[in-house]
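Biologist: Hello! Could you show me how to read the place where two chains meet?
Modeller: Gladly; let us look at the model together.

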Amino acid sequence: MTATMLPTEVGQMSAVALAEIIERSIDGNPVADYAERESLAWSVIEDGGWDCIAVAEEFDGGGASLRDLVEVAQVWGAANIPQPLLETIWAKRWSAQARERSGPMSVSVRRLGVSDGSGLAPFAALAATGIARSIGAATDEFDVAPLGEADAFTPALRPSVLPWTTKIEAEAARELGVIWAAEVVGAAQKLVDLSVAYAKTREQFGKPIGSFQAIKHRLADMHSQAQYAQTAVIWASLEPTNSQRACHYAVGISISLAEQSIQIHGGMGFTWEMGLHYYLRTMLTRRELIAGLWP
Amino acid sequence: MTPLDHQQSFLEGARAWLSTSVPDRWRQERGALSEDEIVEIRHEWDRRLFAGGYSGLSIPTVYGGQGLGLRQEVLFHEAAAQAHAPEGIGRIGKILTVPTLVAHGSEEQRAKYIPGIMAGTEVWCQAFSEPGAGSDLANVATFARKTEGGYLVTGQKIWTSFAQYAERAILLAKTSQTDPRYRNLSFFLLDMKQPGIALRTIRQISDTSHFSEVFLDSAFVADSDLVGEEGDGWNIAMTTLTSERGGVEAITRYVEVRGDLDTLMHCCATGSDVDTQVKQLDTRLELVRWQVMKALDYVEDDLEFFRRTCMLKIMWSELWQEVTQLAVSLNCRAHQEHWRNQYLETRAVSIYSGSNEIQRNIIGDRVLGLPR
């Protein structure tokens, strides 16, 4: 029985501070404005020590727990910034070789539906990203992948197909799954918030659409579902034996929330400039990546 | 001791007490008990809870409670449900009357009524709904007319549980024909054992009777039994209903649904092609429990707590219905009687304690701040 499900102070303070840094760097601009460019410089991340928050204290890191990372990943997911922050935090937590490197890092994950041994590597198309050959082995090595062609479907993740996959130790893979799922949940909560805000200002029939029960009940359910999704990733971080099913459930609900969010925004939700699709695209690719982590 | 140790020792103590206190007859032969025997066991259970120190866990000690937190209350209810403990017949008093009196009652009312509820000697019922005031509860028509030293109440209430066993009722009645809606209602503590009150039980679709209609014909309520001021009734009732839809209720229901889903998983659904569906139900059910636990970290902040608990009633009620809908479709002969009954009984869960549609309005208005 858990006494509390809250993150530690490290997790709470990191989440608040990261949200402030993100806010400053995107400066109130909509996601469509920044999802396809370097909106938060890697030097800002590294100078602030953000890449080391989950390195154990004995290695001079921040000592954040997996539960703490769930908090941080939600904040990161709400922004949808194209940098491999979560992957790098995770790599440095698990690998001595990663701790000795600087710069962004990522992994190449097994693709379902192919048998040629190739992997999908988020951010591999981003300059200077080190892609791990293994994580959690005695001697982890990193390739700086040739820039490769990014799959244009997911601008904020810049994923490329590589001819090999990263060998990831099982517990490390579980943690990465939880972190990615938490990122997706953060994105879903952001879309619910945007939908609620839109329903308060968008008027039809001379009234804000949020006053109509058809919209209000849908939003009430979206709030509830976002809560369950968040609870599921927290559960996933606290009970390893249930991580997989809880993450799949959280991601499934989150994607459904993105779909509902587009519906609430009406025609605007279907436009490129409104930008809801950036989140949805990230979520779909994360789902694929998470599925590749678990056998 | 750390808080976790403290909690652990509380839980161990509770489990040990439950293992020796739950009546064997209830645990083993519940299905064979007569209505009178059931009522007697539930009465006795309230008295045992009190003697064992488990009555009113989160109620302040000055009012005869144990002065512990909501966390202990939730943990105890979960353990009790797992131990197949009966549900006390005093539950309306404990989960509705006491929190309402703690929040809005006078010292005199608290001193007079809370000890009897805690000790399990006074049963309460709830007289809110009316034929014309269901989801639109503010449309209550029962009228309390001022008289010497109190009020004379006339009207009709419906969907009242435990009415035939109750000494008292919390009553919502109109006290003004001219004041605007939401300001024309008052909240009373009504003596049920008086000549002006008649009951009629309601036969439900499951062919059982858990509810009554209550007919009031100039029933008397003393001035000292008005809670708050005249016209405060609506706001006070909202406090009452928030308690009803909260975490303690959800954790109790969680264990009930858990029992049903276990039967489904280990018997009725084996060898059928509904495996994925059952696993999904299982994940969603566990999330009810985790959602309650998550909310407990926010109990000091009313709004943040409500953000995390407002959906619980919708969550467990719709889930329970899905469990029974699936179960009754599987034709498990060993549990046919059980599922037929549960299927019909659970049609009510999305209606009672405020329909799920009304709860969605509340989430939209109060949690999300959407315009009315």
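Predicted model: local features only at pLDDT ≥ 70, side-chain atom pairs only at ≥ 80, totals over all residues.

Biologist: Which helices of chain B supply at least two residues each to the side that touches chain A?
Modeller: Look for H1 (3–21), H4 (70–82), H9 (275–296), H10 (302–309) and H13 (356–367) of chain B. The most comes from H9(B), which gives twelve residues. Sorted by class, this side of chain B has 15 charged, 14 nonpolar and eight polar residues.

Biologist: And how many salt bridges are there between chain B and chain A?
Modeller: The count is three. For a salt bridge, look for a side-chain nitrogen of Lys or Arg within 4 Å of a carboxyl oxygen of Asp or Glu. Here A:Lys216 pairs with B:Asp365 in this way, and their closest N and O atoms are 2.5 Å apart.

Biologist: How many residues does each chain bring to the contact?
Modeller: Chain A brings 31 residues and chain B brings 37. Together the two chains bury about 3100 Å², with 63% of that on carbon and sulfur atoms.

Biologist: Now a sheet, please: what is the order of the three strands in the open sheet of chain A?
Modeller: Read it as S1-S4-S6, with mixed pairing. At the edges are S1 (105–106) and S6 (142–144) of chain A, each pairing on one side only. S1(A) and S4 (130–132) of chain A run parallel and are joined by two bridges; A:Ser106 is opposite A:Ile131 of S4(A).

How values were computed:
Residues numbered from 1 in each chain as written. Chains lettered and ligands numbered in written order. Heavy atoms only, no water. Pairing = 2+ DSSP bridges. Helix = DSSP H or I, 4+ residues; strand = E, 2+ residues; numbered from the N terminus. Contact = heavy atoms within 4.5 Å. Buried area = accessible area lost by both parts, 1.4 Å probe. Nonpolar A, V, L, I, M, F, W, Y, C, P; charged D, E, K, R; others polar.
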